[in-house]
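I opened my notebook to look up a few parts of one structure. I wanted to start from helices and end at the ligands.

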Amino acid sequence: MAEFLVTGGAGFIGSNLVDALLAAGHNVRVLDNLSMGKRSNLPLDNPHLRFIEGDVADAEVVAQAVAGCAGVAHLAAVASVQASVDDPVSTHQSNFIGTLNVCEAMRQHGVRRVVYASSAAIYGNNGEGVAIDEATAKAPLTPYASDKLAGEHYLDFYRRQHGLEPAVFRFFNIFGPRQDPSSPYSGVISIFTQRAQQGLPISVFGDGEQTRDFFYVGDLVALLMQGLLSEQVVSDPLNVGWSQAVSLNQLLAEIGVLCGGLPPVTHLPARAGDIRHSRADNARLQAHYHMPEQTPLREGLRQLLGL
Ligand code: NAD
Ligand code: UD1
């Protein structure tokens with residue numbers, strides 16, 4: 001059976017992908033530095049899984065992890081936009097150098113297929129009021145977005161020059177089980193649901209009218225599996241969203257319904273570089289991929305809340 005490498009595989013999206021690969025009968029290697037990921041997200045007693053604790057910024061470690069595998073899902077990164085604003089130098093090591101190391105290791109070892117976790121953040125505020133298609137001008141507002149966009153450019157260079165087969169997905173806002181709520185840098189749904197369940201006050205940055213296109217992790221994994229395993233792959237980047245805008249205020253109302261009320265909600269100043277509206281035009285994704293049936297926001301929240 002083929003063996004795949006998942007960088008960042010101990011994290012939220014990565015560990016959900018690892019489960020799907022193992023369930024489909026594949027062998028899996030995970031490379032993760034456990035900065036956000038956890039061993040407990042992985043079935044470490046599964047003989048088809050090999051866990052390597054290491055950093056994607058370390059070229060030698062990456063080369064060893066890549067050697068002999070059939071394909072790579074490169075998900076390792078500091079996923080928080082705010083963390084990149086606070087610490088651009090350190091996050092650049094993970095978010096850009098890590099990607100370059102993966103490209104170079106794949107070239108060295110003749111591995112071609114790579115799934116890359118890019119981001120809607122690369123469009124900046126150019127999606128104001130409209131659904132963003134892939135041709136929308138790029139306007140990275142933060143080091144996080146700049147690194148993700150640079151990674152796309154490097155993958156394209158390695159495709160043209162060295163025959164890599166990148167499947168580039170621009171994720172909008174992914175949510176679901178195993179998204180770690182414990183840091184202020186965590187995804188908003190993980191923070192809001194945990195605080196609602198524990199009765200702790202909730203902070204909204206700005207007026208709460210900013211919108212996001214939330215996408216359930218199980219639905220995303222179905223797409224990542226196709227990107228990794230399908231015979232052919234489109235090299236053009238693809239938006240991953242449902243083209244549905246949900247404001248934070250609407251999100252809080254949904255959580256309130258499911259939890260039977262909300263703790264106190266405070267408004268703080270908006271975050272620097274925070275995007276106002278983010279909604280995907282997903283026509284290109286639909287044209288090239290078998291779309292999973294959508295897990296609606298309410299159903300996804302139920303799963304997350306264990307209801
Ligand atoms: P996550 O923090 O749960 O997963 C990232 C994993 O990468 C963690 O396990 C972390 O320990 C690991 N990691 C970080 N830096 C590393 C390094 N230098 N070396 C090795 N491992 C490292 O976050 P996630 O939401 O699962 O994000 C996965 C990927 O998807 C990231 O690349 C992120 O930028 C991207 N993405 C996420 C979203 C989202 O809404 N969650 C949206 C767009 C893109
Ligand atoms: C998220 C992802 C990022 C991805 C991008 C793609 C995380 C941590 N970030 O960034 O990896 O590339 O989507 O669209 O998964 N907020 C609050 N209160 C909080 C936390 C957040 O009001 O306690 C607000 C933020 O200011 C922001 C919104 O909620 O307006 C979403 O924030 P966040 O979940 O961090 O996601 P993005 O910044 O959209």
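These are my entries, one topic at a time.

**Entry 1: the model**

I noted at the start that this is a predicted model.

**Entry 2: helix H1**

I began with H1 and checked its length. At 1.5 Å a residue, its 12 residues should span 16 Å. I found its end C-alpha atoms 17 Å apart, which agrees.

Next I asked how many residues of H1 are buried. Nine of the 12 are, so H1 is largely enclosed by the rest of the structure. I wrote down the buried ones: Phe12, Ile13, Gly14, Ser15, Asn16, Leu17, Val18, Leu21 and Leu22. Just after H1 I came to glycine 25, which has a positive phi of about 90°.

**Entry 3: helix H8**

I repeated the length check on helix H8, residues 248-259. Its 12 residues should span 16 Å at 1.5 Å a residue. The end C-alpha atoms are 16 Å apart, which agrees.

Which residues of H8 are buried? I listed Leu248, Leu251, Leu252, Ile255, Gly256 and Leu258. They cover an arc of only 165° around the axis, which puts them on the same side of H8.

Then I looked up what the buried residues of H8 pack against. Two helices are on the list, H6 (188-198) and H10 (297-305). The strands are E8 (202-205), E10 (214-216), E12 (246-247) and E13 (265-268). After H8 comes glycine 260, and its phi is positive, near 70°.

**Entry 4: the nonpolar cores**

I turned to the largest nonpolar core, which has 36 residues. Which of them touch the most other members? They are Ile13, Leu17, Phe169 and Phe171. Ile13 and Leu17 were already in my list of buried residues in H1.

I then traced where this core comes from. Helices H1 (12-23) and H7 (217-229) each supply at least two residues. So do strands E1 (3-7), E2 (27-32), E3 (49-53), E5 (113-119), E6 (165-171) and E11 (238-240). H7 gives the largest share, seven residues.

I picked phenylalanine 171 and looked up its contacts. Leaving out residues up to four places away in sequence, phenylalanine 171 touches Ile13, Leu75, Ala117, Ser118, Ser119, Ala120, Leu220, Leu224 and Val240.

I compared serine 40 and asparagine 41. Serine 40 is in the loop between E2 and E3, and asparagine 41 lies in the loop between E2 and E3 too.

Are they buried or exposed? Serine 40 has 63% relative accessibility and counts as exposed, because the cut-off for exposed is over 50%. Asparagine 41 has 10% and counts as buried, because buried means under 20%.

I checked the surroundings of asparagine 41. It touches Ala10, Gly11, Ser15 and Arg178, not counting residues up to four places away in sequence. For serine 40 I looked up a distance to glycine 11. They are 29 residues apart in sequence and 9.9 Å apart in space, C-alpha to C-alpha.

**Entry 5: glutamine 82**

I found glutamine 82 in helix H3, residues 81-86. Its relative accessible area is 17%, and glutamine 82 is buried. It touches Tyr185, Arg271 and Ala272, not counting residues up to four places away in sequence. I also looked up alanine 167, which is 85 residues from glutamine 82 in sequence and 26 Å from it in space, C-alpha to C-alpha.

**Entry 6: ligand 1**

There are 29 residues around ligand 1. Which come nearest? I noted Phe12, Asp32, Asp55, Tyr144 and Lys148.

- A polar side-chain atom of tyrosine 144 is 2.7 Å from an oxygen atom of ligand 1.
- An oxygen atom of ligand 1 lies 2.9 Å from a backbone N or O atom of methionine 36.
- A polar backbone atom of asparagine 33 is 3.1 Å from a nitrogen atom of ligand 1.

**Entry 7: ligand 2**

Around ligand 2 I found 23 residues, and the nearest are Ala79, Ser119, Tyr144, Val188 and Asp274.

- Arginine 212 has a side-chain N or O atom 2.7 Å from an oxygen atom of ligand 2.
- Asparagine 173 has a side-chain N or O atom 2.9 Å from an oxygen atom of ligand 2.
- Arginine 271 has a polar side-chain atom 3.5 Å from an oxygen atom of ligand 2.

Methods. Residues numbered from 1 in each chain as written. Chains lettered and ligands numbered in written order. Predicted model: local features only at pLDDT ≥ 70, side-chain atom pairs only at ≥ 80, totals over all residues. Heavy atoms only, no water. Helix = DSSP H or I, 4+ residues; strand = E, 2+ residues; numbered from the N terminus. Expected span 1.5 Å × (residues − 1). Buried < 20%, exposed > 50% of the residue type's maximum accessible area, 1.4 Å probe, protein only. Arc of directions from axis to C-beta. Contact = heavy atoms within 4.5 Å. Core = buried A, V, L, I, M, F, W, Y, C linked by side-chain atoms within 4.5 Å. Near = heavy atom within 4 Å. Polar contact = N/O pair within 3.5 Å; in protein donor to acceptor, adjacent residues only side chain to side chain.
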